[in-house]
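Hi everyone, thanks for coming. Let me put the structure up on the screen, and then we can walk through it together.

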Amino acid sequence: MFALGFRNGVLYGISDVANADGRQPFISISTTNAAATLIAGLPNGSYFDLAARPEDGTTFVANSGDSSLHTIDTGTGALTLVGAYGVPQNVVGLAFVGEVPEPSTYLLMIAGLVGLGMIARRRAR
């Protein structure tokens, strides 16, 4: 198995062993009994990793054969090209990272907490 990824509680995988027609199997995998269900055979390529974007569940797959990124329909296996990522290596560990707040956000939060502390202290007197 080249790639595993979750989307809406379903585990998906892309096999590293091609079918007789040379296509890579895209499957769903039961998390209760490990039974696999073939969704589609992906066209010629080296589909290496997949990940779902948390905001909307859009699932992406990297093709290391031609250094391209695609979205994949998890119901049909249909691929839509997003573009080339331009690095001729395998992409391993495709993942989405949450946003990191800017320093000014922390400063504003601290200023607010200090202000609340000052109000509480004033009321206590």
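First, some ground rules. This is a predicted model, where local features need pLDDT of at least 70 and side-chain atom pairs count only at pLDDT 80 or more, while totals for chains, interfaces and linings use all residues. Residues are numbered from 1 along each chain as its sequence is written, and side-chain values use heavy atoms, with hydrogens and water left out.

So, what does the protein contain? There are 8 strands and 1 helix, and along the sequence they run β-β-β-β-β-β-β-β-α. Helices here are DSSP runs of H or I with at least four residues, strands are runs of E with at least two, and both are numbered from the N terminus.

Now let's go inside. Of the 125 residues, 28% are buried, where buried means under 20% relative accessible area, exposed means over 50%, and partly exposed is in between, using a 1.4 Å probe and protein chains only. The largest nonpolar core has 9 residues: Ala3, Tyr12, Ile14, Phe26, Leu42, Tyr47, Leu50, Val61 and Ile72. Such a core is a set of buried Ala, Val, Leu, Ile, Met, Phe, Trp, Tyr and Cys residues joined through side-chain atoms within 4.5 Å. Strand 2 (10–14) and strand 5 (47–52) are the elements that each give it two or more residues.

Which two residues form a stacked aromatic pair? They are Tyr12 and Phe26, at 5.7 Å centre to centre with 15 degrees between the planes. Rings of Phe, Tyr and Trp (its six-membered ring) pair if their centres lie within 6.5 Å; planes under 30 degrees apart are stacked, over 60 edge-to-face, and the rest tilted. Tyr12 sits in strand 2 and Phe26 in strand 3, so the pair ties together parts 14 residues apart in sequence.

Strand 3 (residues 24–29) also holds Ser28. Is Ser28 buried or exposed? Ser28 is buried, because its relative accessible area is 17%. Leaving aside neighbours within four places in sequence, its contacts (heavy atoms within 4.5 Å) include Tyr12, Val10 and Ile39.

Finally, the helix. Leu113 lies in helix 1 (residues 103–124), and Leu113 counts as exposed because its relative accessible area is 54%.

That's my tour, so over to you for questions!
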